Amino acid sequence: MNITLAEALPLKKQISKSLQDKMRERNNNAFVEFEKDGDTVENPAKSFKDLTAELEEIRLDYRKMDFLMDQANINCKLDWEGQSISIKEAIEFSKQIRGEASQLKSLSYSKPMEKVASYHREGPVTYKKALFKPEELADEALRLEKKANRLSMLIEKTNHLHEITFVEADKYL
């Protein structure tokens, strides 16, 4: 079955949920309680061995989906500022841009100059002076936020266009 990269992430989360559910089921069916001299023991509908085999199948599907997504994120390219970059690189670049924007925005709240609080009344009064213009940093932070948003939208658009083949998808959809 072919699915887009945009569909792959929720599917991967569904496989992960199936894995957690199956582990809970195996844990619930791993033991039986009975009285020592009581009736015969009633075993669960699915054996521990069968549940373990089902778990291994789901784990294999998860690893396969993870590999296919990683492979697609590396091989699928998008055009950004005149360069062809992989989705993986674009995601990392977007994170870096957002990090820089956040730091610049935080610095932009600084005062150009302020008195440094002193716990001792003795000694000279000290000041802290910004080596930048806070209003310029605010503008740059906004510019970078917009750039990161444009890149994120391009990544999202590319994720809706690129398909991967995951035959096992029908088990989880």
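User: Let's start with Lys171: what is its relative accessible area?

Analyst: Quick heads-up: this is a predicted model, where local features need pLDDT of at least 70, side-chain atom pairs count only at pLDDT 80 or more, and totals for chains, interfaces and linings use all residues. Residues are numbered from 1 along each chain as its sequence is written, and side-chain values use heavy atoms, with hydrogens and water left out. With a 1.4 Å probe and protein chains only, buried means under 20% relative accessible area, exposed means over 50%, and partly exposed sits in between. Lys171 counts as partly exposed, and its relative accessible area is 44%.

User: How many residues apart in sequence are the parts that Lys171 and Glu57 tie together?

Analyst: The two side chains meet in a salt bridge at 2.7 Å, N to O (a side-chain nitrogen of Lys or Arg within 4 Å of a carboxyl oxygen of Asp or Glu). Lys171 is in the segment after strand 6 (163–165) and Glu57 is in helix 2, so the pair ties together parts whose separation in sequence is 114 residues. Those elements are DSSP runs numbered from the N terminus: helices are H or I with at least four residues, strands are E with at least two. Glu57 is partly exposed at 41%, and the separation asked for is 114 residues.

User: Which residue forms a salt bridge with Glu168, and is Glu168 buried or exposed?

Analyst: The partner is Lys64, with the side chains meeting at 3.0 Å, N to O. That pair links distant parts of the chain, Glu168 in the segment after strand 6 and Lys64 in helix 2, 104 residues apart. Lys64 is partly exposed at 35% relative accessibility. So at 16% relative accessibility, Glu168 counts as buried.

User: Which residue does Glu145 pair with in a salt bridge?

Analyst: The closest N and O atoms of Glu145 and Lys105 are 3.7 Å apart. Glu145 is in helix 4 and Lys105 in helix 3, so they tie together parts 40 residues apart in sequence.

User: How many salt bridges does the structure hold?

Analyst: Some of the charged residues form a group: Lys22, Glu25, Lys46 and Glu54 are linked in a network of salt bridges. For the structure, the count is 15.

User: What is the volume of the largest pocket?

Analyst: On a 1 Å grid over the protein atoms alone, a pocket is an open set of points where a 1.4 Å probe fits, with protein on both sides within 12 Å along at least five of seven lines; lining residues have an atom within 4 Å of a point. Here the lining includes Leu5, Lys12, Met69 and Glu156. Helix 1, helix 2, helix 3 (87–108) and helix 4 (134–161) each supply at least two lining residues. The largest pocket's volume is about 200 Å³.

User: How many charged residues are in that lining?

Analyst: Asp, Glu, Lys and Arg count as charged. Among the lining residues are Asp66 and Asp70. By class, the lining has six nonpolar and two polar residues, while the charged ones number four.

User: Where does Glu81 lie?

Analyst: Phi of Glu81 is near 50°, a positive value in a residue other than glycine. Glu81 is exposed at 53% relative accessibility. Its place is the loop between strand 2 (77–80) and strand 3 (83–86).

Technical notes:
Points joined across faces, edges and corners; volume = space filled by probe spheres on them.
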